[in-house]
Each structure stands twice: as structure tokens, then as C-alpha cells.
Amino acid sequence: MNLSFNIKLAKSYSSNSQIARVLTENWVKINGYCPDCGNFYLREFTNNQPVADFYCEYCRSEYELKSKKSNTVGKKIVDGAYSTMIERINSDNNPNFFFLTYDEVKWEVKNFLIIPKYYFTSEIIEERKPLSMNAKRAGWIGCNINISKIPLNGRIYLVKNSEIIPKDEVIGKWKETEFLKLKKGSSKGWILDIMRCVDSIPNDIFTLKEIYKFEADLKLKYPDNNFIKDKIRQQLQILRDKGLIEFQTRGVYKKIIK
Ligand SMILES: [Zn+2]
């Protein structure tokens, strides 16, 4: 993987946004790979596909690419129409998401990460203010993807702060939470919520008591559930079975950081 863009391609374009699009798309086509199957067969959709930019020729996984000039990933990513995004999430017709940040002086990739599609839930999609009446598309409502709400396990870096992450590690991380693909509705909501709770505890070793502190918040989200503590323990069991945390002794857990 080479982090530099092929700037020769920029020659025939004058608008900055077009140049950025051409350079980032070309970079992904040449240096990216499909983390789902590990093959280097990313192809661009030729016509203006409304939902995705790339697909894997081997396993047919689809990817949308968003990029911005920045050295850091930040909390939010600006995306397209809010209603289309919510529709896509609810219909399961959303692609995986590639996010790229670059240094526009050196024209080099700083961060390149993937968020698997099953991490997208409506709560990470934020509605922006409608465009003003003077705008060309007055009333149009866009959205932000709030990546700070995505569990850490769902932010899989291929390049982090200019460091290339070994491909085996990337694929391993993808496989680790691929079980989420089969989870729907509140069963998916619960596991993602508990992953977020675990992420927000600063230490690697934590107790059940620390996780129970989230009980009141979870009760607000799941008001009909009268067994929040049981539900928490059940999710921790799943995370343990999937190798994401370890049981140390009674009521004590450890995060497995890879
Ligand atoms: Zn693939």
C-alpha cells in the first residue's frame, strides 16, 4: 500500500472537489482491498450508482467512500440526504462505509477506515437543518454520520495516522464482529449498546458494578424491559463467546485489545 495520491490525474480538473474525488477514488481502487474477503478486487460502479461507489468483484460486498481533507477522523462525517440514509438502513440496503482523510499539502492518506454496514443504526444518523429557502435545493435535509457513537470494534482502520495496519489484522477485526450481521432490531441494539458501555470505561479491566452504572440510561432506552441487569450480563456473555472480552473472576472482566 502506497499512501500517496497519483497527482498526475488531477491535471485535467479545475474544481477542488472534483480533484479530491478523482484522487481519492483512484487511490482506493489501487490500494484498497475488500476487508470482507481479503481480495484486491475493488471495482468502481460505472454509472452513477445512488448507494455505493465500489464493489468487490469476488464477494460482491459494496462500499461507499467518503473523504475529507483533514489529518484526523473527527466525530462526524457529512453524508447525503437524511431520508435516503434512514430508508437504506431500514431496508438493509446500505453498503459498507470507507472513510478516508488526507493531507492536502502532501496529497497523502492519513486515515483510511471501514465501518461495516451492520454498525449503522438510525441513532448514529443525525438530521441536519433543512437548506434555507434561498438555496438551490431549498428545504433539502442532509445528514451526518456520528462515528463517535459507533463502538470501537466497528471502526476498523486500514491506515491510522499514516501507519499502514497489516491486512491480517484488519481482516481479523472484521471477522470478530461479523456475527452482528445476523442480529436485527433490539437484539442488535442491545449488543451495540453494551459494546459502547464497555468502550466508555477507561480501564481495560472492569467490573460488573461499573457496567451496571449504565442501567438507568438503558432503562430509558428500553422502558419495557424490567430485567436490565440480566440483559447486560447476557450481552457480556455474547462478547465473551466472541472473544471480545474475557471473564477474569466473578464479576470482573477484561477487554481484549488486539
Ligand atoms: Zn470481497
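Visitor: In what kind of interaction do the side chains of lysine 181 and glutamate 178 meet, and at what N to O distance?

Guide: The model is predicted: local features require pLDDT of at least 70 and side-chain atom pairs count only at pLDDT 80 or more, whereas totals for chains, interfaces and linings use all residues. Numbering runs from 1 along each chain as its sequence is written, and side-chain values use heavy atoms, with hydrogens and water left out.

Lysine 181 and glutamate 178 meet in a salt bridge, at 3.4 Å from N to O; the term denotes a side-chain nitrogen of Lys or Arg within 4 Å of a carboxyl oxygen of Asp or Glu. Lysine 181 is partly exposed, at 35% relative accessibility; this class lies between buried (under 20% relative accessible area) and exposed (over 50%), computed with a 1.4 Å probe on protein chains only. Elsewhere, shared partners link Glu64, Lys66, Asp79 and Arg88 into one network of salt bridges.

The model has 17 salt bridges by this rule. One of them pairs arginine 88 with glutamate 64, their closest N and O atoms lying 2.7 Å apart. Because arginine 88 belongs to helix H2 (residues 82-91) and glutamate 64 to strand S3 (residues 62-69), this pair ties together parts that are 24 residues apart in sequence. Helices (H or I, at least four residues) and strands (E, at least two) are DSSP runs numbered from the N terminus. Both arginine 88 and glutamate 64 are buried.

Strand S3 also contributes lysine 69, which forms a salt bridge with glutamate 104 at a closest N and O separation of 3.9 Å. Glutamate 104 sits in the loop between strand S5 (96-103) and strand S6 (108-115), so the pair connects parts that are 35 residues apart in sequence. With 40% relative accessibility, glutamate 104 is partly exposed.

At 6% relative accessibility, aspartate 193 counts as buried. Leaving aside residues up to four places away in sequence, aspartate 193 touches Glu123, Leu218, Lys221 and Tyr222, where contact means heavy atoms within 4.5 Å. Thus the account runs from partly exposed lysine 181 to buried aspartate 193.
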